[in-house]
Structures are given as structure tokens and as C-alpha cells.
Amino acid sequence: MWSYEKKLQYPVKVNSTNPRLAKMLITQYGGPDGELAAALRYLNQRYTMPTNNTKGLLTDIGTEEMAHLEIIATMVYKLLKNATKEQIMEAGYVGYFDHGKALFYMDAAGNPWTATYIQAKDDPIADLTEDMDAEQKARATYNHLMEFTDDPGVLDTLRFLRQREIVHFQRFGEALVQVQQDFACKKVF
């Protein structure tokens, strides 16, 4: 079903060690509005979409969200690469550090990822509206994250991810209109 290209969707350049930002970025890895939740939500919801176009859209965006998960993981590892134990602990990793520098699906506050983040209602209009909301929350999170760094490479990558959230929001809006039009058509058998 998927063809995996062994390179990141977007290059990640990190010029400085920043465990504090790495901890904040984890929310986009395993938080409620993060890339994992989005990928699983969309890949799950596609089965109840009424048109092949909307099924394909959810598959495409869900797959892209997995690529964004890789980007986030790469940024976190690069931000922690040369960090000392003291820097890591000072950044607030005390409860997290039993994982070492390995990533764990959780948000920045230390709450572990949970399947309750994945919404699916078997109602395409409700699901697509939820998806649009999720994309806006992710966009807002990327905006907030950009306030905590002046690293040009990190900023560039965060801008890319934020822009993709905007595009996904627009595509879900188009899909919502398509589904509403599909439901409005009389079906004659």
C-alpha cells in the first residue's frame, strides 16, 4: 500500500542543543494534537468515508502525518544530541528521563499517548469537521513552538510543518463540501 522513501519529507537542520525545546516538541510526537494521533485518526476514519476521493484524501494525509512524525523525532534527537545530563534534567525531563534520550509517545507535560486522542464517529461530516479542528490545533502548536527558538534550521522545519497543517485544513474543508454535496444528491436505485 505504501512506498517508503528512505529520506525525510523535509530536511531537518538543527544548529544548537536545546533540550527545553525538545521537551516541548514531544507534544507534537505523542500529544493529543500531535502527528501520531492525526495519522492514526485519518487512517482510521477513511473506512467510513462515502467517496473514493475522500477515502484517498484521508489515506494521503494520514500517511503524510507519519512522515511528520519522523521529522519531529529527528528534530528531538538532534536537539538532544550533545546535551549533558544536567541540561536534560534542567529542561524538565526528570519524569521522562527513565527513557534516556529515546522518544516515548507522550505530551510535553508527561502524559502518555492514549487511543482516546483518536476520534471517529462513523459520520463523515463530524469526522471531517474534527479533522479540520485537529489541523488548526496543530498549526497553533507550531506557532507557539516557533516562539521558543531562534535556531534558523529549527524555525525553517517548524514553518514547513505549520504550512502543511494549513494545507491539510484546506483539503479537509474541500472534502467536507464534497461529502455534503454527495449526501444532498438523490440516490435512485
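Leaving aside its neighbours within four places in sequence, which residues is T141 in contact with? I looked this up before anything else, taking contact as heavy atoms within 4.5 Å. T141 touches T27 and Q28.

**Entry 1: what I am working with**

I have a predicted model here, in which local features need pLDDT of at least 70, side-chain atom pairs count only at pLDDT 80 or more, and totals for chains, interfaces and linings use all residues. I number residues from 1 along each chain as its sequence is written, and side-chain values use heavy atoms, with hydrogens and water left out.

**Entry 2: the whole chain**

I found six helices and zero strands in the chain. Read from the N terminus, the order is α-α-α-α-α-α. Helices here are DSSP runs of H or I with at least four residues, strands are runs of E with at least two, and both are numbered from the N terminus.

I then looked at the overall dimensions. The C-alpha atoms fill a box of roughly 70 × 30 × 30 Å along the principal axes.

Of the 189 residues, 44% count as buried. Buried means under 20% relative accessible area, exposed means over 50%, and partly exposed is in between (1.4 Å probe, protein chains only). Among contacts between residues at least 6 apart in sequence, 79% join residues at least 24 apart.

T141 sits in helix 5 (residues 124-146). I noted T141 as buried, because its relative accessible area is 16%.

Next I checked how helix 1 packs on helix 5. Their axes are 10 Å apart, at an angle of about 175 degrees. That makes the two helices roughly antiparallel. The contact takes L21, M24, L25, T27 and Q28 from helix 1, and A138, T141, Y142 and L145 from helix 5. By class I get six nonpolar, three polar and no charged residues.

For my own reference, axes are lines fitted to C-alpha atoms, for helices over the stretch in contact, and angles run from 0 to 180 degrees between N-to-C directions. Angles under 35 degrees count as roughly parallel, over 145 as roughly antiparallel, 65 to 115 as roughly perpendicular, and the rest as oblique. For the classes, Ala, Val, Leu, Ile, Met, Phe, Trp, Tyr, Cys and Pro are nonpolar, Asp, Glu, Lys and Arg are charged, and the others, Gly among them, are polar.

How many of the 11 residues of helix 2 are buried? I found nine, so helix 2 is largely enclosed by the rest of the structure. The buried ones are E35, L36, A37, A38, A39, R41, Y42, L43 and Q45. Their cover includes helix 1 (19-30), helix 3, helix 5 and helix 6 (152-184).

I took helix 3 (residues 52-80) as a partner to look at. Helix 2 (residues 35-45) packs on helix 3 at about 160 degrees, with the axes 8 Å apart. This pair is therefore roughly antiparallel. The contact of helix 2 with helix 3 has 10 nonpolar, five polar and two charged residues.

Helix 5 was my other partner to check. The angle between helix 2 and helix 5 is about 165 degrees, and their axes are 11 Å apart. E35, R41, Y42 and Q45 of helix 2 meet D127, E130, D131, A134, E135 and Y142 of helix 5. Here the classes come to three nonpolar, one polar and six charged.

**Entry 3: H68**

H68 is in helix 3. Buried or exposed, at 0% relative accessibility? H68 counts as buried. Not counting residues up to four places away in sequence, H68 touches Q9, E35, F160, L161, R164, E165 and H168.

**Entry 4: two loop residues**

K81 lies in the loop between helix 3 and helix 4 (85-90). K81 is exposed, at 61% relative accessible area. K81 and S16 are 65 residues apart in sequence, and their C-alpha atoms are 9.3 Å apart in space.

D122 is in the loop between helix 4 and helix 5. I noted its positive phi of about 60 degrees, although D122 is not a glycine. Most residues other than glycine have a negative phi. With 57% relative accessibility, D122 counts as exposed.
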